[in-house]
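Reader: I have a multi-chain model to go through and would like to learn how to read its features one at a time. Please give the general idea first, then the case at hand.

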Amino acid sequence: MSNDRSVSSPPSSPRVALFVTCLVDAMRPSVGFAALKLLRAAGCRVEVPDAQTCCGQPAFNSGDTADAARLARHFIETFEGYDYVVAPSGSCVGMTRAHYPEALADDPAWAERARRLGERTYELTSFLVDVMRFAPADVKLDGSFTYHDSCSGLRELGVHDQPRALLGKVSGLTLKPLEGNDVCCGFGGTFCVKYPAISNAVVGEKAEAIERSGAQLLLGGDLGCLMNMAGKLKRKGSAVRAYHAAEVLAGMADGPAIGEEG
Amino acid sequence: MEQATLSFKARAERALADPTLKIAIDRTTGTAERKRALAMSQFPQFEAARDRARRIKDHVIANLEHYLLEFERNAIASGAKVYWAATAEEASQIVVRLCKEAGAKRVTRVKSMLGEEIGLPHALDEAGIDRVETDLAEHIVQLGGDRPSHIVWPSMHRTREQVSEMFKRRHRAPHQEETIEAMVDSARRELRDKFLSADVAISGANFLIADSGATCTVTNEGNAELTTTPPRVHIVTAGIEKLVPSMGHAIAMLRVLVRSATGADVTQYTTFHCGPKQAGDRDGPEEFHIVLVDNGRTRMLREGMREMLRCIRCGACMNHCVVFRQLGGHVYGGTYPGPMGAVLTPVFDGLEKSRDLPHACTMNGKCQEVCPVAIPLPTLLRGWRDRSWREGLEPGVVRFGLGVHTFFALRPRLYRLATAMAIRVMRLFSRGGVVRGMPGLGAWTAHREFPAPARRSFMEMYKDQEGGR
Amino acid sequence: MSARDSILDAVRTGLGHVRTDPAAARREAAALLQDLDAIRPALLAEDLVEAFVARLVTPKVAATAERIADAAGLPAAVARYLEARGLPAVVALQPAAVLQALDWSGFERHDRVAPDETIAVGAARWGIAETGSLVFHSDAETPILANFLPLHHLVMVRADAILAYLDDYAAATAGQRPPRNVNIITGASGTTDIEGSLVLGAHGPRYLHVVIVGRHPGEAA
């Protein structure tokens, strides 16, 4: 849980490794650059380790624990030399914090390394708020937004207040509550392609709730869920535009929204 | 039942195409969700109560042999007869035999999911015994000739219109007015004389009280007591995990069970049954039989599913499950639907037959969050996925795809190349910000747009910008 | 091997052959019932009778309640209830000495509750303030069916028999031989089996009226 609130003052210029996540790397680099900008603004020395690939969640959730363990070891080796590891995704961080020790349960030494690294691995908004005590300054965006709490961040990491606190500092931006904000959007990683019809029914209801909120923007902290919801909204012909929260916080929401011509 | 022969996906698609079913599911689970939320807001002690309930169940499971023997001893001392059944077949055979020994022509039944699990309705019908389901929902299920679709609201899949039609066709003095009140009254009239004329009553148990040998049933309709009091014989079937040390422990469990199930503070009728009719009693059965059922529970103990034995069958996990709320319970194909059913059904039916159940889950964790005994349902579901992978039950295409992904993900340079290529391929199919008509993306794009990737990956752009520092 | 032996054997194997020390199990079980206030709701009022009544009349329990000073006033209370609802003065009276001893003149009464009984009058042994519940034990004075067959169930409970919590009932009877049935009744019979919508009077009583007799010892006069 992201409850380092006992820390009285933020660490001074910590060495932070940014894990951009495979989805942001391939699909929406702007989220990675937004995270980079925010972490630097918060006073971190940020590095992007070149050896980073995938956290192994697809393998783990598919039952391929052996491959998940291989990818976990790769991740640990890549990232354990830094003060902190930060990713713009609750899902990938949930994997490293909550599930690496499970995936490596047969190997106590590695499981212990996973546990120690997990303690220093954070979802972006919770790192900015809980560890760095950061608040964005001089960010302006006129409009209304609604917020979807992605499940892993919410339930495995306790990410809920942090993105709202940060977005509350963006001048001109108002929150319109989302009915069922903590209800899964139906993405579920490989679930959405293994059971597309069920996934569609779930995201269909989510899209309706988003439209009922009356917000102009849909924001969230996980690109997978955002692509799912934005893709459904777009198919429905909705005018709601979707961005990752980091893009808005970094003042980088002037580009195309998710699923818009870029 | 045609449903059973279809694949999970085919059943799911059929359910998704049924607009009446979706209305029925939303009416019941939506109400249940709201009532639970209200109950929680009025019970700030819930988290502590839930932790205690979990510890009570864990304590019982860790000392299960001790409590089973204590219960058996006390039940026998109270005048009950105790039977043990290792399998579903053994259990239903014992019940049918006891019914036959009692010369039963008519038996009344109180809804019990264990009864469904051991195939009791079918076994009684096969034996030519007139079986009367007394729970209103089970009565509807019996009239409809189908199966329960929810563990608390077994006829959740029926709309009021469908129920009305069935009652008009089958009741001796059906309702005249098209209200739910009038329909409930119709069932009340229909079942009244059946309660009083049955030879044997069969119920389940929500709790088995070790220190008294009593069994406990909870209902809101009062059908349990109306069922179990008049006949000469009362038979209880219960899973061996239903034990609690004492009535006090049952009360602590009850507080989280009822709030999680219906949002009430306590069920309308909570009854402890201890032995047969005692000297001087005005009513009650002369024989009281208890059948203790294993049916896979000790296997769960052995195979790393001990936490599932905490389950108290409240139904909260399914009421809050996005998949269940789209599909209803029949699609799951077993006695127990929803997240808890997806964990249990492979135990009863084998993983090969029910491989889809643990996979058809987004792992969003809501079920665990609302579970009154904090069962780590996503972890248990993932345990089945792990096993399915190890046993080679996963489809070749999934194994191949993930294998390729892992191969590249362990080799960062190749991974960069592959990512760059994938982006370029996707860009070839991109129009207006979305990917269209690309082979392999059909499962996604059949229902929603696939947002197109940017021209280059983050890592490519980052290297240029930062000079790879 | 019998099913019993094979199940017990499988339990032992499943638990890794760790044997229970009965004394330790008793201690652990008792510890799980410590600090009960942390795991149960606060009462709706400080005064037990007030808390009991407040819970009884919440929409969730949906019973009605009244207080009378003395058991002798019960027939009059029953008469008022029936009159207000235009019901005939025909009651099935639970064969409990405390009820039978009262003056029921003006009523047509019988002991045996009929399958379609409209009105039954009974006496509960305890009331529970936590939940607004009534507790009955099956015995020579208490046929269980009398609690379930009537449409209107009117129940007398003594104010000094109202306990704070369900746990207090369990404690009050601990160590005694249990009756065949303990009925803990909370409100009227209800069902939500058709579309989740609550309807009262499913199989059991549709109306529950509770008459509280006398004062609780802790109560100010």
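**Reading the model**

Author: The C-alpha centres of domain 1 of chain B and domain 2 of chain B lie 54 Å apart. The assignment places domain 1 at 39-298 and domain 2 at 396-466, where bounds come from an automatic or database domain assignment. This is a predicted model, in which local features need pLDDT of at least 70, side-chain atom pairs count only at pLDDT 80 or more, and totals for chains, interfaces and linings use all residues. Residues are numbered from 1 along each chain as its sequence is written, while chains are lettered from A and ligands numbered from 1 in the order in which they are written.

Reader: What is the mean pLDDT of chain A?

Author: pLDDT is the predictor's confidence in each residue, from 0 to 100. For chain A the mean is 95, and 97% of its residues reach 70 or more. Over residues 1-5 of chain A the pLDDT is below 50, and this stretch has 12 contacts in the model beyond near neighbours in sequence. Two residues are in contact if their C-beta atoms, placed from the backbone, lie within 7 Å. Where pLDDT is low, the predicted coordinates should not be read in detail.

Reader: Which pair of chains shares the most contacts?

Author: Chains B and C do, of the 2 pairs in contact. Chain A and chain C have no contact, and their closest C-alpha atoms lie 20 Å apart. The contact between B and C takes 82 residues from chain B and 62 residues from chain C. Helix α10 (residues 180-197) of chain B gives the most to the chain B side, with 9 residues. Helices (H or I, at least four residues) and strands (E, at least two) are DSSP runs, numbered from the N terminus.

Reader: How many bridges join β9 of chain B to β9 of chain C?

Author: Two strands pair if DSSP finds at least two bridges between them. Here 5 bridges join β9 (residues 269-273) of chain B to β9 (residues 181-185) of chain C, and the strands run antiparallel. B:His273 has C:Asn181 as its bridge partner, and B:Thr270 stands opposite C:Ile184. Strand β6 (residues 214-219) of chain B is also joined to β9(B) by 5 bridges, again antiparallel, with B:Thr217 opposite B:Thr271.

Reader: Is β9(B) covered on one face or on both faces?

Author: A residue is buried if 20 or more other C-beta atoms lie within 10 Å of its own, exposed if 12 or fewer, and partly exposed in between, with C-beta atoms placed from the backbone. Both faces of β9(B) are covered: B:Tyr269, B:Thr271 and B:His273 are buried on one side, B:Thr270 and B:Phe272 on the other.

Reader: How many residues of helix α3 of chain C are buried?

Author: In α3 (residues 48-56) of chain C, 7 of 9 residues are buried, including C:Leu48, C:Phe52 and C:Arg55. The buried residues pack against β1 (64-68), β5 (126-128), β8 (162-163) and β12 (207-213) of chain C. Across the 221 residues of chain C, 47% are buried.

Reader: How many residues has the largest nonpolar core?

Author: Such a core is a set of buried Ala, Val, Leu, Ile, Met, Phe, Trp, Tyr and Cys residues joined through C-beta atoms within 7 Å. The largest has 301 residues, and A:Met229 is one of those with the most contacts inside it. Helix α12 (residues 247-261) of chain B gives the most to this core, with 10 residues. Not counting residues up to four places away in sequence, A:Met229 touches several residues, among them A:His148, A:Val203 and A:Leu218.
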